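New page in the notebook.

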Amino acid sequence: MTHFIIIAGAPGSGKTTISNLLKTRLNESPLIDFGWIRQFHLDPEWKKASKKEEQMSFENLVFILKNYAKYGYKNIIINDLQDQRIQQIPKLFSKYNYTIISLIVKDDTELKSRILSERDSGFKNVKKALTWNKELIRRKNLKNECKIDNTHTNPSKTVKIILEILKQK
């Protein structure tokens with residue numbers, strides 16, 4: 001049984017699309033987008049939230065997730081976490097069964113195009129997204145982390161890959 005499925009990646013990597021498709025494929029598993037929790041602290045330029053507010057929002061997320069697990073939920077999908085938070089997952093959830101799926105984009109032009117297209121998040125900082133993506137590609141895999149190249153992969157195929165990974169857990 002998988003408690004938590006964390007969908008990670010830079011803005012524009014496909015986290016929201018993949019998370020929504022995965023939710024449907026897993027029979028409406030709970031989906032928690034971290035952006036929803038911290039949303040009231042952010043302005044359209046993503047500059048308003050203080051470090052304290054972001055920390056408080058993350059602590060609330062951890063509490064919510066552990067509470068879901070306490071009540072027997074499984075396959076809880078979480079997305080929209082910055083990489084510094086993803087790196088905390090192995091320690092915070094060491095007593096739980098979790099999988100981190102990090103979506104990477106190996107073509108900067110493709111990622112830039114996704115960032116500049118209309119998207120729900122409103123995140124438009126191409127330079128920051130490209131840096132985030134490159135750092136994720138270079139970073140050593142965390143415990144229970146699988147990186148998937150989502151550059152030119154159909155979202156349905158990416159979900160199939162994720163489901164195969166989950167079967168092996």
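Is Tyr73 buried, exposed or partly exposed? I looked it up, keeping in mind that this is a predicted model. Tyr73 has a relative accessible area of 41%, so I noted it as partly exposed.

**Entry: ring pairs**

I counted the aromatic pairs next and got five in the structure. I started with Phe34 and Phe58, whose rings sit 6.2 Å apart centre to centre with 85° between the planes, an edge-to-face pair. I then checked where the two partners lie: Phe34 belongs to helix H2 (residues 34-38) and Phe58 to helix H3 (residues 51-70). They are 24 residues apart, and the pair links distant parts of the chain.

How buried are these two? Phe34 comes out at a relative accessible area of 1%, which makes it buried. Phe58 is buried as well, at 3%.

Back to Tyr73, this time with its ring partner Tyr68: the centres are 4.9 Å apart and the planes stand at 75°. Planes over 60 degrees apart count as edge-to-face, so the Tyr68 and Tyr73 pair gets that label. I also looked up Tyr68 itself and found 28% relative accessibility, which counts as partly exposed.

One more for the ring list: Phe4, Phe93 and Tyr96 are joined into a cluster by ring pairs.

**Entry: Arg85**

I found Arg85 in helix H4 (residues 83-86). Is Arg85 buried or exposed? With a relative accessible area of 5%, Arg85 is buried. I listed its contacts too, leaving out residues up to four places away in sequence: Arg85 touches Glu54, Gln55 and Phe58.

**Entry: H1 against H8**

A reminder to myself: two packed helices are described by the angle between their axes and the distance between the axes. I looked up both for helix H1 (residues 15-25) and helix H8 (residues 155-167): the axes come within 9 Å and cross at roughly 60°. H1 and H8 are therefore oblique to each other, and their crossing is right-handed.

Which residues in H1 and H8 meet? On the H1 side I wrote down Thr17, Ile18, Leu21, Leu22 and Arg25. On the H8 side I have Pro155, Ser156, Thr158, Val159, Lys160, Ile162 and Leu163. Sorted by kind, the residues of this contact are seven nonpolar, three polar and two charged.

Technical notes. Residues numbered from 1 in each chain as written. Predicted model: local features only at pLDDT ≥ 70, side-chain atom pairs only at ≥ 80, totals over all residues. Heavy atoms only, no water. Axes fitted to C-alpha atoms, helices over the stretch in contact; angles between N-to-C directions. Helix = DSSP H or I, 4+ residues; strand = E, 2+ residues; numbered from the N terminus. Parallel < 35°, antiparallel > 145°, perpendicular 65-115°, else oblique. Left-handed = near helix turned anticlockwise from the far one by under 90°. Contact = heavy atoms within 4.5 Å. Nonpolar A, V, L, I, M, F, W, Y, C, P; charged D, E, K, R; others polar. Phe/Tyr/Trp six-rings, centres within 6.5 Å; stacked < 30°, edge-to-face > 60°. Buried < 20%, exposed > 50% of the residue type's maximum accessible area, 1.4 Å probe, protein only.
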